[in-house]
Amino acid sequence: MTRPTLPPMRGHEAGATASAIEAKIFEMLAARDPSSTLCPSEVARALAAVGGAWRPWMPRVRQVAQALAEQQRLVVTRGGVPVDALAGGGPIRLGLPREA
């Protein structure tokens, strides 16, 4: 499967390191019930300046989410089914892996 090419980060979103995005994802998940998920747009909104544009953050948030999923530290789902965060097809949710 070929992954879409992500545009280079510009402006304010370029300052967000992968570790900062990762930290925000896990911070937001920790504040919820362990079985809850969140939308990547929630992370993007939290990273954007107050009242600022959050949509430019979405490709980077999805990229970091996919990397975390590949490390089995995060689960990315669509309709409850695991998916690639960078693949098209609609909204995704981010959650913690369930313990066996």
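**Entry 1: a pair within helix H1**

I began with Lys-24 and Glu-27, which lie 3 residues apart in helix H1 and are therefore separated by about one helical turn. The model I am reading is a predicted one, and I keep that in mind for each distance below. Lys-24 and Glu-27 form a salt bridge, in which the closest N and O atoms are 3.3 Å apart. An α-helix has 3.6 residues a turn, so residues three or four places apart point the same way. I then looked up the accessibility of Glu-27 and found a relative value of 48%, which means that this residue counts as partly exposed, the limit for exposed being over 50%.

**Entry 2: the other salt bridges**

How many salt bridges does the structure hold? I find 3 of them, and I went through the remaining pairs in turn.

Arg-73 forms a salt bridge with Glu-22, and the closest N and O atoms of this pair are 2.7 Å apart. The pair links distant parts of the chain, since Arg-73 sits in the loop between H3 and E2 whereas Glu-22 belongs to helix H1, 51 residues apart. I checked the exposure of both partners: Arg-73 is partly exposed, with a relative accessible area of 35%, and Glu-22 is also partly exposed, its relative accessible area being 22%.

Glu-42 forms a salt bridge with Arg-32, for which I read a separation of 2.2 Å between the closest N and O atoms. This pair, too, links distant parts of the chain, with Glu-42 in helix H2 and Arg-32 in the loop between H1 and E1, 10 residues apart. Glu-42 has a relative accessible area of 24% and is partly exposed, while Arg-32, at 28% relative accessibility, likewise counts as partly exposed.

**Entry 3: the overall layout**

I next listed the secondary structure, which comes to 3 helices and 4 strands, and noted that from the N terminus on the elements run α-β-α-α-β-β-β. The protein has 100 residues, of which buried ones make up 33%. Its accessible surface comes to about 6000 Å², and 56% of that belongs to carbon and sulfur atoms. I also looked at the contacts between residues at least 6 apart in sequence, among which 48% join residues at least 24 apart.

**Entry 4: the sheet**

In what order do the strands of the sheet stand? I read E1-E4-E2-E3 for the 4 strands, which form an open sheet with antiparallel pairing. Strand E1 (37-38) and strand E3 (81-82) stand at the edges with a single partner strand each, so one side of each is left without a neighbour in the sheet. I followed E1 to its partner and found that 2 bridges join E1 to strand E4 (residues 93-95), the two running antiparallel. Across this pairing, Leu-38 stands opposite Leu-94 in E4.

I also looked at the loop between E2 and E3, which is where Gly-79 has its place. Is Gly-79 buried or exposed? I find that Gly-79 is exposed, with a relative accessible area of 79%. The C-alpha atoms of Gly-79 and Ile-92 are separated by 7.8 Å, although these residues are 13 residues apart along the chain.

**Entry 5: the nonpolar core**

The largest nonpolar core has 20 residues, and I noted Ile-25, Leu-74, Val-76 and Leu-94 as those that touch the most other members. The elements that give two or more residues to this core are helix H1 (18-30), helix H2 (40-47) and helix H3 (58-70), and H3 supplies the largest share, 5 residues.

**Entry 6: helix H3**

I closed with H3, which has 13 residues and reaches 18 Å from its first C-alpha to its last, close to the 18 Å expected at 1.5 Å a residue. The buried residues of H3 include Met-58, Val-61, Val-64, Ala-65 and Leu-68, and I noted that Arg-60, Arg-62 and Gln-66 are also among them. What covers these buried residues includes H1, H2, strand E2 (75-78) and E4. I finally looked at Gln-72, which follows H3 and has a positive phi, near 60°.

Methods:
Residues are numbered from 1 along each chain as its sequence is written. This is a predicted model: local features need pLDDT of at least 70, side-chain atom pairs count only at pLDDT 80 or more; totals for chains, interfaces and linings use all residues. Side-chain values use heavy atoms; hydrogens and water are left out. Two strands pair if DSSP finds at least two bridges between them. A nonpolar core is a set of buried Ala, Val, Leu, Ile, Met, Phe, Trp, Tyr and Cys residues joined through side-chain atoms within 4.5 Å. Buried means under 20% relative accessible area, exposed over 50%, partly exposed in between (1.4 Å probe, protein chains only). The expected span of a helix is 1.5 Å times one less than its number of residues. Contact means heavy atoms within 4.5 Å. A salt bridge is a side-chain nitrogen of Lys or Arg within 4 Å of a carboxyl oxygen of Asp or Glu. Accessible areas come from the Shrake-Rupley method with a 1.4 Å probe; for residues, only the protein chains shown count as cover.
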